[in-house]
Amino acid sequence: MNGLFRVFSAIAIAMRAVLRNKLRAALTILGITIGIAAVVTMTALGDGARAKINGQITNMGSNALIVFPQSARASGARTTGGSKLSESDCQALERESTSIKAAVPFLRASAQVVYEGQNAKAEVIGSRIAYLQVRNWKLQTGEPWTVSAENVSEKIAVIGAGTAKDLFGAADPVGRWIRIGRHPYRVLGVLEEKGPSPFGRSQDDVVIMPITTMRSHVRFTRPGETDAIMMSATSPETTDRAKKQAEEILRQRHHIREGDEDDFLIRTQAEFQQMQDSIYGVLSLLLVGIAAVSLVVGGIGVMNIMLVSVTERTREIGIRMAIGAREMDILVQFLVESLVLATLGGIVGTTLGYGAIVGLGAALDLPMKLAPQALGVALGTSTAIGLVFGFFPARRAARMDPVQALGRE
Amino acid sequence: MKDAPPIIEFVEIHKDYVTEAVVVRALRGVNLTIQRGEFVAIIGQSGSGKSTMMNIIGCLDRPTRGKYILDGIDVGSRSNDARAIVRNHLIGFVFQGFNLLPRTTALENVELPLVYRGVSAAERRKRALASLNAVGLGARLHHTPNQLSGGQQQRVAIARALVTQPPLLLADEPTGNLDTRTSYEVLDLLQRLNREQGITIVLVTHERDIADCAGRVIEMRDGSVRRDIINERPTDAARALAELPVQDEHGAAS
């Protein structure tokens, strides 16, 4: 009862001391304010970026799987040429797996695309028309090519929204002829806008054509060869089963013996997401680390000013001791003062951080918000800083000798 | 009064200060008894040990050897916290430099000892008001020290010392920073407190005029009591005040 009362008195005394010297208080809390504002903003920035990228990954198609070739490590028994994926693998996957809806080959090249003097750099993708379903990608105008066009390597393409804009501006590209290298291709349709990929590249600067056409005119490969296989599972729930079945089918087709390593790698959408998450986890940790350093600097600032304050108020400490303050009273007084300062810094910092979140969120078009747990951590941290960095100066004050403190020697 | 235990009892009190191989013997075996209700002046040159004696009487410092009994309590051996409580309950301090908290109102300054005693805010205010009224400062409750004259500041300090109603008031050169007129005003206040409320007063000074206001004068020299005499006819500060030339604030020392 008495103890509680003394604590309240100490808080009142501390508040009065802080308010008596407003400029110094403001300068003292500056470090903590900046630190807390940094923590709050960086956490929100990290979370916002992650949320946005997760959104992009989902728009890749949540039941998508990708098979990459993987050259054998260590084992000398296998040749590198033998590990290539092929179009017949695609057909086998579609045919033999119950959980794979579609499996399409995938060739890729970078090229300059030309239309009547307009130039644009684009990624050229050769696949089958089902590629658009696997990627969950629709046409905004025009129509897809037919299977028969694929069979005769017709010079046709659908183009991404970015490429369409670069080459045609506001005009309708459907039915026009674009040129890649020496060959003209007729534009059948324009894809919907997809935005940048999780890896930061624009997905809309793209020309997609039948893989047979690509192989004959843009990138010359052995018949049936493919850079990767893109698949879609029958539903998001069957993705894992699709992966397992694809593994079995491909191991069998590639004659991989039990115990030997796969010559391919299958990644599901979920795995991509996990990779992204772990990358952003590391990034967030780094940001929080930087913020933590600035908080420690802020804490040392508090300690510094509190030490100055204790020295400056030596006489006051002496007076208080003379009229009956015990060591604990003095300790609590200065500890509460640094606590009040640090918490004040936390509150101001959180407010500034909130402002930064709103501003940055609008400027970067990120879904940033003030997380309640970040708020809790920020305020908890500033309180802890006040306690830890205030303790040493407070103890120094409490242990003063009253005779010396009063200047009576 | 003779039967009651003494408020202060020094038995062979020694105090040594050790400073870089030199030992300063500030007090060399002081024996002293002060009864309740006495008005005692301790007089001596600087270096005579009177300040050291004051620090020990006030429980701010401990004797190196010897026994100090304050109001029946052997305080020399007590812990820091116990001595803080003794200071709060038994002793009121008045210093030469007033020692009020800066930028803090008179009322808050006077309330402070009660804060450390755990008295409620309302009760604190009531007692602080009474104490400030008793020293004639009821009209300046919300002035901070730098808005008050020296005499007024010393009255606030006396009010602060009295607010806990201690049996003992220690005044260390209380008139050292004041002119003659204000000095006698403060001494008049102390004499009245001693006479009317029976508060024991121990006053340290180096001025004979000031010491003459006390009923007993203890003269210190080289860490020992040189003389301890009863002053049969102490100066009445109120009368001395009346005899001072009026309107002459600066030259009043003569």
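**Start at a helix, then find its sheet**

This is a predicted model. Select helix 1 of chain B, residues 50–57: this helix lies across strand 3, strand 7 (168–172), strand 8 (200–205) and strand 9 of chain B. Against strand 8 of chain B, helix 1 runs at about 150 degrees.

Now bring up the sheet itself. In chain B, six strands make an open, mixed sheet, in the order 6-7-8-3-9-10. Strand 6 (91–94) and strand 10 (224–230) of chain B sit at the edges with a single partner strand each, so one side of each has no neighbour in the sheet. Look along the sheet and you'll find a twist that averages 15 degrees from one strand to the next.

Next, zoom in on strand 3 (residues 39–43) and strand 9 (residues 216–221) of chain B, a parallel pair with four bridges. Click on B:Ile42, then on its bridge partner in strand 9, B:Ile218.

For another helix, pick helix 5 of chain B, residues 150–162. Helix 5 lies across strand 6 and strand 7 of chain B, at about 170 degrees to strand 6.

Zoom out to the whole of chain B: eight helices and ten strands. Its radius of gyration is 18 Å, close to the 18 Å from the globule rule for 254 residues, so chain B is as compact as a globular protein of that length. Of those 254 residues, 46% count as buried.

Last stop: the contact between the chains, with 18 residues from chain A and 21 residues from chain B. On the chain A side, helix 1 of chain A gives the most, with five residues.

Technical notes. Residues are numbered from 1 along each chain as its sequence is written. Chains are lettered from A and ligands numbered from 1 in the order in which they are written. This is a predicted model: local features need pLDDT of at least 70, side-chain atom pairs count only at pLDDT 80 or more; totals for chains, interfaces and linings use all residues. Helices (H or I, at least four residues) and strands (E, at least two) are DSSP runs, numbered from the N terminus. The radius of gyration is taken over C-alpha atoms; the globule rule is 2.2 Å times the number of residues to the power 0.38. A residue is buried if 20 or more other C-beta atoms lie within 10 Å of its own, exposed if 12 or fewer, and partly exposed in between; C-beta atoms are placed from the backbone. Two residues are in contact if their C-beta atoms, placed from the backbone, lie within 7 Å. Two strands pair if DSSP finds at least two bridges between them. Axes are lines fitted to C-alpha atoms, for helices over the stretch in contact, and angles run from 0 to 180 degrees between N-to-C directions.
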